[in-house]
Amino acid sequence: EKLAANGGEAFERLYTMGDRMTAGLRSAFESAGVTATVTQQGSAFCAYFADHAPVDWHDVAEHHDFDFDTRYRSALIERGIYHFPLATKQGSISLAHTEADVDETLSRTADVLGDLER
């Protein structure tokens with residue numbers, strides 16, 4: 001009921017923040033020279049450290065940089081951004097998140113990428 005209220009305004013807000021997160025992550029990876037593909041479905045997103053979005057688990061296993069993903073997620077957690085600490089797990093934005101939360105996540109992501117070596 002809460003999500004459907006006001007003509008689905010909550011969904012629009014979630015999807016807008018999802019778009020903001022995805023665009024910001026793509027920009028951060030590109031600026032840092034990190035090969036990554038960010039996928040999104042609504043407010044859920046996932047970064048794959050590969051040059052394309054995977055089509056199945058075999059594709060992920062063959063092309064995704066699991067070592068970099070693990071170091072990336074650990075570094076985010078050390079900086080106060082909880083990103084599920086298993087490679088290829090999605091991130092999700094909820095109604096509790098604000099645009100400021102997304103901006104802070106993107107800022108700390110840029111910091112992490114600047115510190116990590118490929």
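Student: Which residue of β3 does F45 stand opposite?
Tutor: F45 stands opposite G91 in β3. Before we go on, a word on the source: this is a predicted model, where local features need pLDDT of at least 70 and side-chain atom pairs count only at pLDDT 80 or more, while totals for chains, interfaces and linings use all residues. Residues are numbered from 1 along each chain as its sequence is written, and side-chain values use heavy atoms, with hydrogens and water left out.

Student: How many bridges join β1 to β2?
Tutor: There are 5 bridges, and these strands also run antiparallel. T39 stands opposite C46 in β2. In the hairpin of β1 and β2, 2 residues lie between the strands, and G42 takes a positive phi near 65°.

Student: Why are β1 and β3 said to stand at the edges?
Tutor: The 3 strands form an open sheet in the order β1-β2-β3. β1 and β3 (91-92) each have a single partner strand, so one side of each has no neighbour in the sheet. As for what packs on the sheet, α1 touches β1 and β2, and its direction makes about 175° with that of β1. That angle, on a scale from 0 to 180 degrees, is between N-to-C directions, with axes fitted to C-alpha atoms, for helices over the stretch in contact.

Student: What makes β2 "mostly covered"?
Tutor: Buried means under 20% relative accessible area, exposed over 50%, and partly exposed in between (1.4 Å probe, protein chains only). By that test, 5 of the 5 residues of β2 are buried. A44, C46 and Y48 are on one side, F45 and A47 on the other.

Student: How do you know that the length of α1 agrees with its residue count?
Tutor: The expected span is 1.5 Å times one less than the number of residues. For the 28 residues of α1 that gives 40 Å, and the end C-alpha atoms are 40 Å apart, so the two agree. After α1 comes G33, with a positive phi near 70°.

Student: Why do the buried residues of α4 line one face of the helix?
Tutor: Those residues are V102, T105, L106, T109, V112 and L113. Seen down the axis of α4, they fall within an arc of 120°, so they line one face; the arc is that of the directions from the helix axis to the C-beta atoms. On the other side, A100, G114 and D115 are exposed.

Student: What is called the largest nonpolar core here?
Tutor: A nonpolar core is a set of buried Ala, Val, Leu, Ile, Met, Phe, Trp, Tyr and Cys residues joined through side-chain atoms within 4.5 Å. The largest has 22 residues, and L25, F29 and Y72 have the most contacts inside it. α1 gives the most to this core, with 6 residues.

Student: Which residues is Y72 in contact with, leaving aside its neighbours within four places in sequence?
Tutor: Contact means heavy atoms within 4.5 Å. Among the partners of Y72 are L25, F29, F49 and H83.

Key
Helix = DSSP H or I, 4+ residues; strand = E, 2+ residues; numbered from the N terminus. Pairing = 2+ DSSP bridges.
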